[in-house]
Each structure stands twice: as structure tokens, then as C-alpha cells.
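Subject: Structure handover

Hello,

Here is the structure I promised to pass on. My notes on what turned up follow below it.

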Amino acid sequence: MSVSSGDGPARLELPPGYVLRPCRGHEDHGAMAAVRLGCAERDRIDARSIVEGLPTAAEIAEASAELDDPSGNQALVEHDGGVVGYSTIRRWQERDGTWLYLHRGYLLPRHRGRGIGSALLDWAESRIRRLVRQHGTARTAVIGANAMASEQEATALLLDAGYRRVFSLVELELADLRQLPGGRPLPAGVRVGAVDPGSYRAAWGTVVDSYAGAAFTERWPFERFLATADPTCWRAAWDREDMAGVALCSVHRRDATVGEVEELSVRKESRRLGLGRALLLDGLRCLREHGAETARLYTGTANPHRSYDLYESVGFRRRNEHVRYRKPISV
């Protein structure tokens with residue numbers, strides 16, 4: 001059995017009746033969404049997660065279109081003519097110059113324990129090694145993989161294959177936006193308000209600067225910030241004329257009852273003044289005014305600024321943990 005891996009076929013062993021093949025585009029997206037749904041109960045997937053929930057076929061199509069090579073960087077496993085699993089590869093460059101090649105696999109529970117997951121993992125690693133050679137990134141590249149803490153089988157597979165945990169994100173939920181605590185007085189000269197287009201670059205810079213020195217963070221060009229700008233529920237804090245912090249909030253495009261706090265950033269010199277709490281509450285009130293009933297956000301478990309304490313004090317509670325694993329590339 002073989003499937004194209006870019007500069008030649010990767011030969012992988014699968015049990016009789018299973019076939020690994022490249023993604024065929026639109027005709028496969030519905031089957032891929034069905035795989036995700038079929039994994040939900042076993043892996044305790046949160047359908048309303050803003051990190052990794054249950055995507056529709058249209059959302060999978062949109063994500064596939066953003067890949068460098070949607071066919072070459074996605075492989076599907078078939079059994080008796082039906083899709084039972086798949087794996088996807090994407091890459092990006094982090095702030096320190098590291099090129100991360102991330103693979104993510106899914107397999108229906110009844111087909112686990114037969115070597116299918118291992119075959120998908122072998123395909124992904126083989127494909128990534130070929131991509132690294134093609135891109136000339138061997139000196140700065142690493143292999144990455146994701147698994148939620150609730151995905152016990154995927155976690156065991158990665159650890160057995162030599163991956164190590166490097167960080168995790170905790171997703172939090174505020175279950176009822178009607179139950180927001182009161183605000184606190186701001187320092188003299190500080191005001192909170194909406195973000196207009198003339199302040200976009202300052203808002204972007206505030207977020208980027210807040211990640212200075214943070215490990216494992218992706219580069220975020222201003223052009224990409226502009227491409228996804230949705231300022232309806234964006235809030236900023238100004239210390240006199242200077243922007244001191246931002247809360248970039250938005251209503252979930254698929255479920256208008258769910259709000260998302262995409263970024264909450266306060267500049268180093270303005271921390272411990274209550275700006276983060278004021279921005280967060282103002283953004284949450286705006287989400288509520290625009291129809292959201294609940295709110296979600298995620299934060300790193302190793303966050304040095306104790307943002308977890310802030311979120312819990314407002315009423316957010318933990319939903320799941322999303323873990324990133326890494327492994328050196330040998331090409």
C-alpha cells in the first residue's frame with residue numbers, strides 16, 4: 001500500500017481491507033466531518049470548543065483551502081469504501097525562527113488498536129521529512145502534534161513514538177454572560193473604549209509586544225491581523241494618549257450565542273493596574289449586547305502573568321486542555 005508523499009510514495013503497512021490515499025478535495029470533506037463527529041463521544045470532544053470542536057464539512061473545506069497542498073498534505077484511510085480516519089499537515093514559522101510542521105490525526109474508535117493510527121503517524125512524519133528537504137528548513141524545523149488531554153489513545157500513541165509535551169492551552173468557559181461581576185475604578189488618566197480603524201496598528205502592536213519572549217508563538221504579520229479584523233466588540237485601554245491594552249472579542253460565526261475573547265493583552269508597563277479586568281468585562285458586556293449568552297477563551301498553562309486567576313475571578317471555568325507535542329526531525 002502506498003500514498004504520495006511529495007517526491008515519491010511512502011510505503012506503509014495497513015491491515016487487509018484498509019487503504020491510505022490522498023484527499024480528493026470537496027468530495028471528501030463531508031466524510032472527514034463525519035469522522036470528527038464519530039470520535040466525539042470516545043474522546044470527550046466539546047462541540048462548542050473554540051480551539052477544536054466539531055467542524056462542519058464547509059469549515060473543513062475552508063481549512064483545507066489554506067493548506068500549501070491540500071491533496072498532498074492530507075491523507076485519508078478507507079475501509080470497505082468508507083472513510084474511517086484522516087491526517088492533516090500544516091506549517092508555520094514561530095517568532096524565534098523555528099518552522100513548525102504540525103500534523104493532526106483522527107480515527108474512528110472502532111478502528112483503533114489495529115495499527116491504523118500508527119500508519120497515519122508514519123505517513124505524516126514521512127511526508128514532513130520530504131517537505132523539510134524541499135523547503136530547505138532542516139536546521140530550524142521540528143515536528144509537532146496536538147492532542148487534547150481527553151484523547152487518551154492519541155496521547156499514548158504520540159508518547160510511544162518519542163514525542164514530548166512542550167506546552168498546553170486550557171480552554172475556559174463563562175457559562176452565563178448575564179452574571180458578570182461589577183467593575184472597579186481605573187487609575188487617573190486611563191479610559192476604555194472602542195477600537196477604530198485608525199487604531200488598528202496600535203492594537204496589533206499591543207498584542208504582538210505582549211508575546212515578546214514567549215516560546216512557541218507564531219508570527220502574526222499586520223496584514224493577517226487586518227484580514228481577520230472584526231472590531232465590533234474590540235475594546236482598548238488608553239493611558240492618556242498611549243494604548244495600554246486591548247481585548248479583542250468576537251461573536252462566534254457559527255453559533256451567535258457564543259462569544260470569544262480572542263486576545264487580552266496589556267503592555268508590560270501598565271500591568272497590575274486593573275486594566276486587564278476592565279477590558280475583559282467591557283468586552284464581555286459588548287458580546288452580551290450583541291446576542292452572546294456564553295463566552296470562551298483559552299490561555300497557556302504556563303502563562304507568567306497569572307491571567308488564569310483573572311479569568312476565574314470573572315467566572316470562567318475550565319473545559320479542556322489542549323496539549324502540543326514535539327519531536328526532532330531526522331532527515
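How many nonpolar, polar and charged residues does the lining of the second largest pocket have? By class, there are 10 nonpolar, 8 polar and 6 charged residues. Please keep in mind throughout that this is a predicted model.

**The second largest pocket**

This pocket holds about 450 Å³ of space. Its lining consists of 24 residues, and those closest to the centre are Leu107, Gly117, Glu153, Ala154 and Leu157. Several elements contribute to the lining. The helices α1 (26–43), α3 (116–135) and α4 (152–160) each supply at least two residues. So do the strands β6 (99–107) and β7 (141–148).

**The cavity**

The search of the whole structure found 1 cavity of 30 Å³ or more. The largest cavity has a volume of about 50 Å³. Lining it are Arg36, Cys39, Asp43, Ile45, Glu52, Gly53, Leu54, Tyr106, Met148 and Glu151. By class, they divide into 5 nonpolar, 1 polar and 4 charged. Which element gives the most to this lining? That is α1, with 3 residues.

**Salt bridges**

There are 29 salt bridges in the whole structure.

Start with Arg24 and Glu78. Their side chains meet in a salt bridge at 4.0 Å, N to O. Arg24 sits in the loop between β3 (18–22) and α1, while Glu78 belongs to strand β4 (residues 74–79), so the pair ties together parts that are 54 residues apart in sequence. How accessible are the two ends? Arg24 is partly exposed, with a relative accessible area of 48%. Glu78 is buried, with a value of 17%; the cut-off for buried is under 20%.

Next comes Glu321 with Arg165. The closest N and O atoms of this salt bridge are 2.4 Å apart. Glu321 lies in strand β14 (residues 317–328) and Arg165 in strand β8 (residues 164–174), so parts that are 156 residues apart in sequence are tied together. Is Glu321 buried or exposed? Glu321 is buried, at 11% relative accessible area. Arg165 counts as partly exposed, at 45%.

Glu173 counts as buried, at 13% relative accessibility. Arg319 is partly exposed, with a relative accessible area of 44%. This pair also belongs to a network. Salt bridges that share partners join Asp46, Glu171, Glu173, Arg296 and Arg319.

Why is strand β13 (residues 294–300) described as largely enclosed by the rest of the structure? The reason is that 5 of its 7 residues are buried.

β13 pairs with β8 in the antiparallel sense, over 6 bridges. Within that pairing, Leu172 has Leu297 of β13 as its bridge partner. β13 also pairs with strand β12 (residues 258–266), in the parallel sense, over 3 bridges. There, the bridge partner of Glu260 is Arg296 in β13. The chain gets from β12 to β13 through helix α7 (residues 275–289), and this β-α-β crossover is right-handed.

**Backbone points to check**

Most residues other than glycine have a negative phi. Two residues here have a positive one.

Asp80 has a phi of about 55° although it is not a glycine. Asp80 is found in the loop between β4 and β5 (82–93). With 69% relative accessibility, Asp80 counts as exposed.

Arg240 has a positive phi of about 60°, and is not a glycine either. Where does Arg240 lie? It is in the loop between β10 (233–239) and β11 (242–251). Arg240 is exposed too, with a relative accessible area of 55%.

Over to you.

Best wishes

Technical notes: Residues are numbered from 1 along each chain as its sequence is written. This is a predicted model: local features need pLDDT of at least 70, side-chain atom pairs count only at pLDDT 80 or more; totals for chains, interfaces and linings use all residues. Side-chain values use heavy atoms; hydrogens and water are left out. On a 1 Å grid over the protein atoms alone, a cavity is a set of points where a 1.4 Å probe fits but cannot get out, and a pocket is an open set with protein on both sides within 12 Å along at least five of seven lines; lining residues have an atom within 4 Å of a point. Grid points are joined across faces, edges and corners, and a volume is the space filled by probe spheres set on the points. Helices (H or I, at least four residues) and strands (E, at least two) are DSSP runs, numbered from the N terminus. Ala, Val, Leu, Ile, Met, Phe, Trp, Tyr, Cys and Pro count as nonpolar, Asp, Glu, Lys and Arg as charged, and the others, Gly among them, as polar. Buried means under 20% relative accessible area, exposed over 50%, partly exposed in between (1.4 Å probe, protein chains only). Two strands pair if DSSP finds at least two bridges between them. A crossover is right-handed if, with the strands pointing away from the viewer, the path from the first strand over the helix to the second runs clockwise.
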